[in-house]
Amino acid sequence: MQSLRLGDDPVEEPETEDPFTARLMTFEQGGSEFKPVVVSRTVLQMMSRTEVYVVKWPKPLKFQFFRSLLPDISIIQCSSCNRLFHTDDFELQYLQKGYCPFCRNKHED
Ligand SMILES: [Zn+2]
């Protein structure tokens with residue numbers, strides 16, 4: 001069954017399948033090497049702010065966008081080195097060592 005619409009301008013169809021979930025499925029099936037998912041600005045804007053992490057590198061580097069596929073797992077970003085960590089791991093390391101496990105920067109709170 002196909003639907004036909006007459007008189008419509010060719011509009012970009014909204015993506016019915018979540019590209020991240022689709023990619024995850026291929027990955028779990030032992031798929032090819034990692035390729036980042038590319039989405040349009042519109043799709044990015046539709047994503048929940050709580051599941052998208054933006055790593056803002058200084059110019060001339062580009063911003064990196066990450067999407068958490070496991071919303072139950074809390075993620076924290078080090079304000080010094082920009083790395084993302086599982087909050088539990090980061091806090092444990094921070095409490096034990098007193099600094100970020102990657103850049104060893106102390107956060108003044
Ligand atoms: Zn750090």
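Q: Where is the place of Arg-104 in this chain?
A: Happy to start there! In this predicted model, Arg-104 sits in the segment after helix H3, which covers residues 87–97.

Q: What makes the phi of Arg-104 worth a look?
A: Its phi is near 60°, a positive value, and Arg-104 is a residue other than glycine. Most residues other than glycine have a negative phi.

Q: Which residue just after H3 takes a positive phi?
A: That is Gly-98, with a phi of about 90°.

Q: How do you know that H3 is hardly covered?
A: Look at the count of buried residues: among the 11 residues of H3 it is 1. To be buried, a residue needs 20 or more other C-beta atoms within 10 Å.

Q: Why is Asn-82 called partly exposed?
A: Asn-82 has 16 other C-beta atoms within 10 Å. Exposed means 12 or fewer and buried means 20 or more, so a count of 16 falls in between and Asn-82 is partly exposed.

Q: Where is Asn-82 found, and what is its phi?
A: Asn-82 is in the loop between strand E3 (75–77) and strand E4 (84–86). Its phi is positive, about 70°, although Asn-82 is not a glycine.

Q: Why does Arg-67 count as partly exposed?
A: Arg-67, a residue of strand E2, has 16 C-beta neighbours inside 10 Å.

Q: Which residues is Arg-67 in contact with, leaving aside its neighbours within four places in sequence?
A: They are Phe-20, Met-47, Glu-51 and Val-52. A contact calls for C-beta atoms within 7 Å. Turning to C-alpha atoms, those of Arg-67 and Ser-48 are separated by 9.4 Å, and these two residues are 19 apart along the chain.

Q: How many helices and strands does the protein chain have?
A: There are 3 helices and 4 strands, and from the N terminus on they run α-α-β-β-β-β-α. Of the chain's 109 residues, 2% count as buried.

Methods:
Residues are numbered from 1 along each chain as its sequence is written. This is a predicted model: local features need pLDDT of at least 70, side-chain atom pairs count only at pLDDT 80 or more; totals for chains, interfaces and linings use all residues. Helices (H or I, at least four residues) and strands (E, at least two) are DSSP runs, numbered from the N terminus. Two residues are in contact if their C-beta atoms, placed from the backbone, lie within 7 Å.
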